[in-house]
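Hi,

Here is the structure I promised to pass on. Have a look at it first, and my notes follow below.

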Amino acid sequence: MTRKTYGFLLFVLFLGLTAFSQAPASGLVPASPSSVGISEGRLASIDGFIQSYVDRGWLPGGVFMVMRKGKVVYNKSFGEREPGKAYQENDIFRLASMTKGITTVSIMQLWEQGKLGLDDPIHFYIPGFKEANVLDKLEKSDSTYTTVPAIRPITIRQLLTHTSGIVYGSFDPENLGIVYGQFGMNDVGLSHPEWTTEEFIDKLAKTPLAFQPGSKYTYGLNMDVLGRIIEVVSGMSLKEYFEKNIFTPLGMDDTHFYLPPAKHERLVPVYTEVPEKGIVLASAVEADGPSKYPMLPEDHNHYAGGGGLSGTAMDYAKFTQAMVNGGIYNGNRILGRKAMEVMTSDQLILLNREGKGFSWRPGHTYGLGFALYTEEGKGINAKSPGTFEWGGYFNTKYFIDPAEELTFVGMTQILPFTHQEFWDRLYTMIYASLE
């Protein structure tokens, strides 16, 4: 063997060892911030920042996690979930719209398998949507209204981008909410005491659309429809599909639509803000409401793909880690590379340009199921182009930054939360800790 050949073989061996050493760990494990290029001192400074909001009575507390390069570098709880009872890292929180990310990945799995197309009309799977109508005029004095036919069918892509015309009526109670109320559609999105998923979506199919499909972005019940499509295509309930294809591969053992009785005590209460009193337990000021979910008496086959899940910060961190890894976690691939690329590409270029999209800010847009920052958005904040994110109704948040191999999960439960600047300032401090 010549010296040149020997040197080449050593070089190849070195590359192999280097690649192996940089491969993602088998699962999320704790590590020192400095081991993954984070300043320990700067990261630790967020302790005082979070605690200051708790001390001022602006935030009840919660669990906050930061992961980089497959390592957990920050995992701490703050405040008291109830008087005299501190938050714990394994507490369970209502995820609400953080469910949407899991529904989106499930749809993309079925797309990868050739079982559906992103531009398929949804009436292929739910026939009730074939004769969709759009709200035309509303007479508020007697709640009567007129409709016009939809000029094009609703597609799966439009559901994934909230451009279908299916909205949340409760977001516009003086107008569309009046119509939605006649169909019982203002009290869905998290659960329903009687309807199954199939019954819910079949009734929604009869509800007028807010606008012509594809004409603009408006947040709504789109992911709930996608949840039903998953059931139709897969032949499984949404609960079964998630468990088999997302939760089990990722080890998300504490994420559920309906909590097992043994885990009820781990579900944290919801807080609300009351003038003159500050934040108080929501149960003290409301006899009933969304904060009661998911403590329903039994699982009756209603699975809200847009907001029905509850789970721990660690469980959701595993999901974000799979996303930042390009669809794989703990050796289990839940989504392929190209599906990830499609899902995290700007889907609203034309609508944003027309002022009818997700955001008026160039570069702050929407992919399939996630808000997204593109190269044009560089400088809006510290997040890298390619970062995608969302949050939940009860004040939970996450972001996924592939460029920095950085993810964040924050779990609180307060509604409304009048100090939204908390999140942006917290994110800035996290990014400031990057070496």
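How many of the 13 residues of α7 are buried? The count is 10, so α7 is largely enclosed by the rest of the structure (buried means under 20% relative accessible area with a 1.4 Å probe, protein chains only; helices are DSSP runs of H or I, at least four residues, numbered from the N terminus).

Before going further: this is a predicted model, with local features needing pLDDT of at least 70 and side-chain atom pairs pLDDT 80 or more, while totals for chains, interfaces and linings use all residues. Residues are numbered from 1 along each chain as its sequence is written, and side-chain values use heavy atoms, without hydrogens or water.

Back to α7, which covers residues 222-234 and reaches 18 Å from its first C-alpha to its last. Its buried residues include N222, M223, L226, G227, I229 and I230. Among the elements covering them are α3 (99-112), α4 (156-160) and α8 (238-250).

The α6 and α7 axes (lines fitted to C-alpha atoms over the stretch in contact, with angles from 0 to 180 degrees between N-to-C directions) come within 10 Å and cross at roughly 125 degrees. On the α6 side, the contact (heavy atoms within 4.5 Å) is made by T197, E198, F200, I201 and L204, and on the α7 side by D224, V225, R228 and E231.

Cheers

Definitions and conventions. Helices (H or I, at least four residues) and strands (E, at least two) are DSSP runs, numbered from the N terminus. The expected span of a helix is 1.5 Å times one less than its number of residues. Buried means under 20% relative accessible area, exposed over 50%, partly exposed in between (1.4 Å probe, protein chains only).
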